[in-house]
Amino acid sequence: EFMEQAKKLASAEPFKSRVELFDKGVWQYMLKGKKRAAELETLKSPSMQQCAVPCVENPVPGDPDRLDWNKAAQLNLYGGLRAEPMKRQLQVKVAHDGTWIYFQYLENKVDPASLAKNNIVWLNDEWESFFAGQRGMPYKQVAVDPAGKVAGTNKDGTVTDSWDFPGKAKVSSGKDSWCVRIAVRMSDLVPGGIKPGETLYYNVIRSVKTQAAGCWIPTFSGYHAPDRFGELYLVPKR
């Protein structure tokens, strides 16, 4: 309304040119930004996901290679961080045994030799996992690259500390695939631990040299968006 009033009142120079300049240089960008924000909101809500994580008995507790992954839950993934179509063949599965929680990250149709693994973990091809006891701070992050290197952080507000990941990480590769399996005690995952019947707040991002190629929950921003963590409900053992 104010813009319409300004256009009517600014009939003479230099006011007419000033209003036109503000309209083109500021106001139209503001309108465009508002429209884009509304479009993103329509994408954000349906991309928030939940998953019931089954309790699967493991003959060797803590060994992710011994778990029956056919009984694990599979997560629905998006490409990038903005709910884009998936361009890579990625698969994420999760299960728990009441004491340990297990994650399997698999990528097919990729040459393992082409994966970056000679830099620090965060700059390589890698899978990044985020864990929290709530949707927000504090949260923990762990990354695993194709060489099996592991890096972790503990974030609380503006403070970032290193996190010595207390779990196990195993990496394997095939002719045209690579797989990361991690296992961590539920008591070590978040402050105070997590138990069957409770909810773990989580996200995972497949990172390609600091660029997101896939994720569970699109953040519509950067990697660190604890307000966008999804919910993993740990189903109690029957």
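Good morning. I begin with Asp-63, which counts as buried at 16% relative accessibility. The model is a predicted one, and the values I quote are computed from it. Asp-63 sits in the loop that runs between β1 (50-53) and β2. Setting aside residues up to four places away in sequence, its contacts are Asn-58, Tyr-102, Lys-168 and Lys-170.

What is the strand order of the open sheet of five strands? The order is β2-β3-β4-β10-β9, and the pairing is antiparallel. The partner of β9 is β10, with six bridges in the antiparallel sense between them. Within that pairing, Ser-172 has Cys-179 of β10 as its bridge partner.

As a general remark, nonpolar side chains tend to be buried together in soluble globular proteins.

Not counting residues up to four places away in sequence, Leu-232 touches Cys-51, Val-53, Leu-75, Val-94, Phe-103, Glu-198, Thr-199, Leu-200, Tyr-202 and Trp-216.

I turn now to strand β11, residues 199-208. How many of the ten residues of β11 are buried? Nine are, so this strand is largely enclosed by the rest of the structure. Its pairings can be taken in turn. With strand β5 (residues 125-132), β11 runs antiparallel and is joined by eight bridges; there, Asp-125 stands opposite Val-208. With strand β13 (residues 230-234), the pairing is again antiparallel, over four bridges, and Tyr-202 is placed opposite Gly-230. With strand β12 (residues 211-215), there are four bridges, also in the antiparallel sense.

Next, the helices. The axes of helix α1 (residues 2-9) and helix α2 (residues 15-47) come within 10 Å, crossing at roughly 150°. Angles over 145 degrees count as roughly antiparallel, and α1 is therefore roughly antiparallel to α2. On the α1 side, the contact is made by Met-3, Ala-6 and Lys-7; on the α2 side, by Val-19, Phe-22, Asp-23 and Trp-27. By class, this contact has five nonpolar residues, two charged residues and no polar ones.

I close with a loop position. Is Gly-148 buried or partly exposed? With a relative accessible area of 30%, Gly-148 is partly exposed. This glycine lies in the loop between β6 (139-144) and β7 (150-156). Gly-148 and Val-121 are 27 residues apart along the chain, and their C-alpha atoms are separated by 9.2 Å.

Thank you for your attention.

Technical notes
Residues numbered from 1 in each chain as written. Predicted model: local features only at pLDDT ≥ 70, side-chain atom pairs only at ≥ 80, totals over all residues. Heavy atoms only, no water. Axes fitted to C-alpha atoms, helices over the stretch in contact; angles between N-to-C directions. Helix = DSSP H or I, 4+ residues; strand = E, 2+ residues; numbered from the N terminus. Parallel < 35°, antiparallel > 145°, perpendicular 65-115°, else oblique. Contact = heavy atoms within 4.5 Å. Nonpolar A, V, L, I, M, F, W, Y, C, P; charged D, E, K, R; others polar. Buried < 20%, exposed > 50% of the residue type's maximum accessible area, 1.4 Å probe, protein only. Pairing = 2+ DSSP bridges.
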